[in-house]
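Good morning, colleagues, and thank you for coming.

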Amino acid sequence: MKTKSNNSLKNINKDIEFYNKNGYLIIKVFKKEDINSFENLIKSKVDKVIKKKRWKLKFYHDHVNKKNNTKLTKTSKRYINVNKKILNRIKKNKKISNLLKFKWSHSNFVIPDQNYLLGKTNTTNFTRINKNEVPFRIVVPYKKKYSISAAPPPHVDLNAGKVIKSNNRNKSPICFTLWTPLIGFSKKYTLQVAPGSHRIRHPINRIEKNSKYISPVFEKKYYKKFKFRRFNLKKGEAILFDVNLIHGGTENLGEQSRVNLEFRLYNQNRIGLSS
Ligand SMILES: [Fe+2]
């Protein structure tokens with residue numbers, strides 16, 4: 001018994017050590033049935049824009065045109081609501097809760113509404129923010145020209161909603177992103193991250209001016225000095241990463257349209273105090 005608990009303590013420490021060094025962890029979070037239900041929820045949202053019957057989300061690129069794709073990419077309705085069962089999958093995940101406890105000294109998170117994420121709200125009212133709205137993203141294969149606006153260049157989520165903040169490295173991160181692929185699990189599809197970049201205080205003046213993306217993106221001259229990696233993931237695995245980790249600029253090099261969810265786990269004790 002003692003050996004078992006010693007071993008799990010060792011594993012927790014290993015994860016935290018890895019996270020501190022690299023700024024991300026790959027974690028098995030969801031079941032296959034969860035992934036399928038996410039896909040159905042997204043499909044029914046997309047169906048409202050693409051008014052066709054009987055089509056598959058992985059062939060999204062065969063059914064959209066530039067106008068529809070832009071409409072879907074830009075809308076503030078680009079999210080699904082997740083239920084309690086899904087929240088519990090995240091809450092009960094040992095790797096996630098251990099990391100949150102280590103960083104926040106508790107593991108209570110909030111998944112906020114779009115207004116909060118887009119920096120369009122002044123409210124600090126917890127129940128108004130706590131809506132479990134999870135943005136999705138669909139990126140068509142690279143060879144299709146209109147893929148560009150759906151895959152933002154490298155950035156940090158700390159600046160999401162155009163609220164530009166300089167990170168204070170001594171502070172614990174206010175939020176973690178759980179990047180979850182639904183279609184496209186190989187390196188050709190998955191999110192590109194720059195390991196270790198979360199440890200740097202990224203200069204605000206290296207953010208591109210007049211960016212058309214929701215997350216202010218870095219100038220090419222700045223991000224090109226970082227080394228990026230992509231991963232082969234399994235269905236149900238996700239990348240949990242630091243709000244100050246550089247990621248993005250991830251072209252879809254596969255044949256199918258890439259679909260993923262971005263869960264934002266905000267520190268419940270600080271959500272009203274984030275600005
Ligand atoms: Fe991002």
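Predicted model: local features only at pLDDT ≥ 70, side-chain atom pairs only at ≥ 80, totals over all residues.

The protein contains nine helices and seven strands. Of its 275 residues, 37% are buried. If we take the contacts between residues at least 6 apart in sequence, 82% of them join residues at least 24 apart.

Let us now consider helix 6, which spans residues 94-104. Which residues of helix 6 are buried? They are Ile-96, Leu-99 and Leu-100. Viewed down the axis of helix 6, the buried residues fall within an arc of 100 degrees, and therefore they line one face of the helix.

Directly after helix 6 comes Ser-105. Ser-105 lies in the loop that leads from helix 6 to strand 3, residues 109-110. Is Ser-105 buried or exposed? Ser-105 is exposed, because it has 10 other C-beta atoms within 10 Å, and the cut-off for an exposed residue is 12 or fewer. Its phi is positive, about 70 degrees, although Ser-105 is not a glycine. In general, most residues other than glycine have a negative phi.

A second residue with a positive phi is Asn-132, at near 55 degrees, and this residue too is other than glycine. Asn-132 sits in the loop between helix 8 (126-129) and strand 4 (133-139). With 17 other C-beta atoms within 10 Å, Asn-132 is partly exposed.

How values were computed. Residues numbered from 1 in each chain as written. Helix = DSSP H or I, 4+ residues; strand = E, 2+ residues; numbered from the N terminus. Buried ≥ 20, exposed ≤ 12 C-beta atoms within 10 Å, placed from the backbone. Contact = placed C-beta atoms within 7 Å. Arc of directions from axis to C-beta.
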